[in-house]
Amino acid sequence: MVLTAQEIANTRNHTLNNLLGLSGACLKASQRLSQVLTASTREALQHGSRQWSQLGHGQWEAASQFPAALWLDHSSRHSQLFDQWLEVLGEAQKQLIRSAENQVRVFDEIVFASIRHAEKSSPWEAEIALGALKTTLSAAESTLRGVSAAAIETVEIAEQEAHQIAGSLAESKPARKRGTARSSNG
């Protein structure tokens, strides 16, 4: 049941390619998360400076609406930020699932190669057990593909639901009434 040098080299090559793909996906996800955080922070600072600028210029009607307006603006931005984070993490999760499935295939190839070597040197009675083992392994691999597809579909459904929730939160943001504070005082 010894693997050939070529089979060992192929296994190592496939494993390194899987790890390289997974590392690339993790780096891409961290880069995208950094970009999302940077853009969100920049936007929050700009928005906060506008709010404080209004107060600094004596626009006191903005002060009476300040907590509610601030909360509404931040809730909308936070829902968008949450949506973007979930999108990035969903893509990373799907890549992790694909990478794990590919690595299981590499292990299965090692087992199939071992079975083929065992078939060559085993008595004919063992061929029945080895054939059953190959059939079982093929069925398990097929099941894994189905489970991976279902897991990826679940991640995509969760992404869609998060998009819908973030969209509804962004749309439900009521418009500010700037003239109401002045008209009630007058």
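A residue is called buried under 20% relative accessible area, exposed over 50%, and partly exposed in between, using a 1.4 Å probe and protein chains only. You are looking at a predicted model, where local features need pLDDT of at least 70, side-chain atom pairs count only at pLDDT 80 or more, and totals for chains, interfaces and linings use all residues. Residues are numbered from 1 along each chain as its sequence is written, and side-chain values use heavy atoms, leaving out hydrogens and water.

The fold has four helices and zero strands; both are DSSP runs numbered from the N terminus (helices H or I, at least four residues; strands E, at least two).

Now to the charges. A salt bridge puts a side-chain nitrogen of Lys or Arg within 4 Å of a carboxyl oxygen of Asp or Glu, and the whole structure holds seven. Here are three of them:

| Pair | N to O distance |
|---|---|
| Lys 94 and Glu 91 | 2.9 Å |
| Lys 94 and Glu 156 | 3.7 Å |
| Glu 119 and Lys 134 | 3.5 Å |

Lys 94 is buried at 5% relative accessible area, while Glu 91 is partly exposed at 34%. Lys 94 and Glu 91 sit three residues apart in helix α2, so about one helical turn separates them. Glu 119 lies in helix α2 and Lys 134 in helix α3, so this pair ties together parts 15 residues apart in sequence. Shared partners join Glu 91, Lys 94, Glu 156 and Glu 159 into one salt-bridge network.

Asp 83, in helix α2 (residues 60-121), is buried yet has no salt bridge, with Arg 32, the nearest side chain of opposite charge, 9.5 Å away.

Technical notes: Lys and Arg count as positive and Asp and Glu as negative; His and the chain ends are not counted.
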